[in-house]
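Open the model in your viewer and keep the selection tool at hand.

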Amino acid sequence: MGHPRARFVVPFLLLVGTVAALGQQIPRFPGQTREPPLADDSEDIVQARGQIDPDNPTTIRPADHVVPAGPALLPGSVVNPGVVPAQYTGTYVPGGEIPTPVVTLNIEGSDVSPTGQPVVYKLHVRNVSRARAHNVVIRVTPPKDVDRVKADPPPTHDEAETRWEFKALEPGQSRTIEVSYTPKAEEGEVKLQARVQFDFGRGMITRVSAPTLSLKKDGPERIVVGDVSTFRITVTNTGKVPIKDIEVKDFLHKGLVHDDREPSRGAADGRLMSSVNPTRAERTWSISTLGPGQSRTIDYRVKAQTAGKVGSTVLVNAPGVKKETQFDTEVLTANLQMTAEGPEGQKGTVGVPAGYKVAVENRGSAELRNVVVRCVYPPDMRPTRATNGGQPMRESVQWVFKELKPGDRKELSVALVTTTPGNRAVRFSAKADRGSEQKQELRTDFAGVPSLDWDTDAPGTESVGRTMTYRITVSNRGTAPAEKTEVRVDLPANVDLIDTTPASGKAIGPNAKMVMFPAYDVPPGKKTTYLIRVKARSPGEAVTIFSLHRPGSEPAQDKKITHITGGDGRSPAGPPPAKGDPTTIGMNK
């Protein structure tokens, strides 16, 4: 008893604690030894979402796809659950940690004790964690060859082992047990061995929920016959459990068909594959898995064949869930009609504008946009007029209308002129943003126009007895023959007709002095000369009237005056006749 009291270390046991996980080190007492634990003390503890601390229900965390629980574990056992990737695979997802109790056991005593004196030990038990430790048991194997003097507090069980049982140790709580023994021998060694054990629990709440899906189909409410449009189906898992083996079917009613060119075809890039049954107008897709909140979008193409209101049905089947939705589409027709007409009788005249009319009408049920109407004409023609905003282009006239509603009609006209006769082809076309293009060709025969010029010539002065010559020249400077052109000459009374070139007839009765040349067609670009020879019979003023006649036109007249004198002493025979080539008189030049 005279020796100062010193601390010494005896073997101790740390059971089911993970001090390293809490960032703490076990307090060390000099010379103290650590005995093997009674249970697994793995430090790789991983907690799962959904666990609860039975001592603190507020620590409940929602369960996220947890593997069904396995066989129950003994108190104090440590579980190392497997962790799966973040993407849901139908197994296990790790969660946050729940505090784990850690209980330490330390022994305080003397390393040397005097003979005959009791040896005193103090067992310090402490909960160094933030979690409650349940059923804490301290077990002490008494030393050999000693008599126990004291145990404070008294043990719960005192048999081969001395046991102290505590219902629980709160976080940070500690207990001290003091025992003392008197050795029977004067010399030797007193060896005390103590162990601590405890347990803790975990709980989990799993809510049972029925699988639910939402189904939505989107697409154009109106499409046009012949058009290919894209539709979309969206399948969403609106429940709290994953759904596997989902089958999506799209049924089209008569008037619509599935297009083989599927935007979502191909599995290499993760898009859906589908199968088409054209006999049943059915397309099928398969979705392997949809987790809670996940959606899958399916795009596909549909072609319209028949006008009218056409419906479709989308059906989704999966284990424990079935969903159906309807979608109606109005199929419209694009029917742009065009009619064109040209000049009456398909005839025109050179130099005179020829009128053409064209009408476009929307006879379908779909609105037409960007309607373009064109009139294309040959290079030797040009427009002189275009209604309704027609714009002259290179060898064409064009009209553009932003929209043409069902039943709307536009009437257009254009005037074209040409400088040469012949047959001309004028082409009309009409095209909208949808529907087929309309075309029509009109042919017109353009006739030339005669343009006559004529000139008359008569002597200014002549003497009695002399021969005089009247000359008439008719020229056609037009593009068509001057048909049935007739020249008439009313001779004065004081001259006598000798002959004409070409030969002509003579009027009778009051107009017996009139020379009437036969009607003649003067070709375009040609001219004809008429000659009349007369002999002056008596002096005086000889007035000659020339006239040019054409069907449908007023006669053109010209008047010439010749002064006839009584005689010419210098030349009794009169002036010599005019020189000329008799072979060209009365012929075209």
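Select Phe-428 and show its surroundings. Leaving aside residues up to four places away in sequence, Phe-428 touches Met-338, Ala-340, Tyr-356, Val-358, Arg-374, Cys-375, Val-414, Gln-438, Lys-439, Gln-440 and Leu-442; a contact means heavy atoms within 4.5 Å.

This is a predicted model, in which local features need pLDDT of at least 70 and side-chain atom pairs count only at pLDDT 80 or more, while totals for chains, interfaces and linings use all residues. Residues are numbered from 1 along each chain as its sequence is written, and side-chain values use heavy atoms, with hydrogens and water left out.

Together with Phe-428 they have the most contacts inside the largest nonpolar core, which has 27 residues. Such a core is a set of buried Ala, Val, Leu, Ile, Met, Phe, Trp, Tyr and Cys residues joined through side-chain atoms within 4.5 Å; buried means under 20% relative accessible area (1.4 Å probe, protein chains only).

Now colour the strands (DSSP runs of E, at least two residues, numbered from the N terminus). Those supplying at least two residues each to this core include strand 25 (354-362), strand 26 (368-376) and strand 31 (422-431).

Move to Leu-213, Leu-252, Val-310 and Val-316: they belong to a second, separate core of 26 residues.

Finally, colour by pLDDT, the predictor's confidence in each residue, from 0 to 100. The chain's mean is 80, but residues 59-95 stay under 50. Residues 569-574 are also below 50.

Key:
Buried < 20%, exposed > 50% of the residue type's maximum accessible area, 1.4 Å probe, protein only. Helix = DSSP H or I, 4+ residues; strand = E, 2+ residues; numbered from the N terminus.
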